[in-house]
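Visitor: Please take a close look at one part of this model for me. I would like the aromatic side chains and their surroundings.

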Amino acid sequence: TCNLTGKDEYEFGDLSTEIDNRVKSTVADFCGNDTYEFGDLSKEIDKRAQGRVMEFIGKDDYEFGDISKEIESRRGEWVASFLGAEAAKNYEFGDITKKSLSNFTGKDEYEFGDVSKKIMGDLFGKRKRGGGNK
């Protein structure tokens with residue numbers, strides 16, 4: 001405790017006081033202040049969170065629902081880039097899965113067993129049919 005506080009002899013409360021001072025100093029640094037005042041940490045976290053929200057939504061003023069609107073907009077852009085604009089316009093549940101399977105297997109239409117065949121082919125090579133020299 002004396003090493004921590006820099007005092008030669010321990011007095012009751014030295015450790016608590018030292019820890020309190022260090023935490024307040026760290027919070028003050030985090031907040032960009034010279035000294036800590038009650039509420040500084042909450043205000044700084046709120047300020048940073050608001051800044052990130054504004055950066056995410058690309059606006060200067062937040063309105064209720066802006067985050068949801070931005071997420072939906074980004075989702076739509078991703079779907080269009082993955083499926084193509086026309087397919088995204090006519091999107092039906094399962095289209096992304098179908099496209100993913102098609103990309104993975106290299107086939108336009110999925111048939112039961114295609115994924116297993118693709119994995120086994122990638123692991124062990126293509127199977128040769130016929131089994132002999134003719």
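Guide: Start with phenylalanine 82, which is partly exposed at 23% relative accessibility. Keep in mind that this is a predicted model. The structure has one aromatic pair. Its members are tryptophan 78 and phenylalanine 82, with ring centres 5.0 Å apart and planes at 10°, so the pair counts as stacked. The cut-off behind that word is planes under 30 degrees apart. Both residues belong to helix α4, residues 66-83. They are four residues apart there, which means a separation of about one helical turn. Tryptophan 78 is partly exposed, with a relative accessible area of 43%.

Next, rings with a charge over them. The charged end of arginine 48 sits over the ring of phenylalanine 30, at 3.9 Å from the ring centre. Lysine 118 lies over the face of phenylalanine 104, and here the distance to the ring centre is 5.9 Å.

Now phenylalanine 12. This residue is in the loop between α1 (2-5) and α2.

Leaving aside residues up to four places away in sequence, aspartate 14 touches Thr5, Lys7 and Glu9.

Methods
Residues are numbered from 1 along each chain as its sequence is written. This is a predicted model: local features need pLDDT of at least 70, side-chain atom pairs count only at pLDDT 80 or more; totals for chains, interfaces and linings use all residues. Side-chain values use heavy atoms; hydrogens and water are left out. Helices (H or I, at least four residues) and strands (E, at least two) are DSSP runs, numbered from the N terminus. Contact means heavy atoms within 4.5 Å. Rings of Phe, Tyr and Trp (its six-membered ring) pair if their centres lie within 6.5 Å; planes under 30 degrees apart count as stacked, over 60 as edge-to-face and the rest as tilted. Buried means under 20% relative accessible area, exposed over 50%, partly exposed in between (1.4 Å probe, protein chains only). A charge sits over a ring if NZ of Lys or CZ of Arg is within 6 Å of the ring centre and within 35 degrees of the ring normal.
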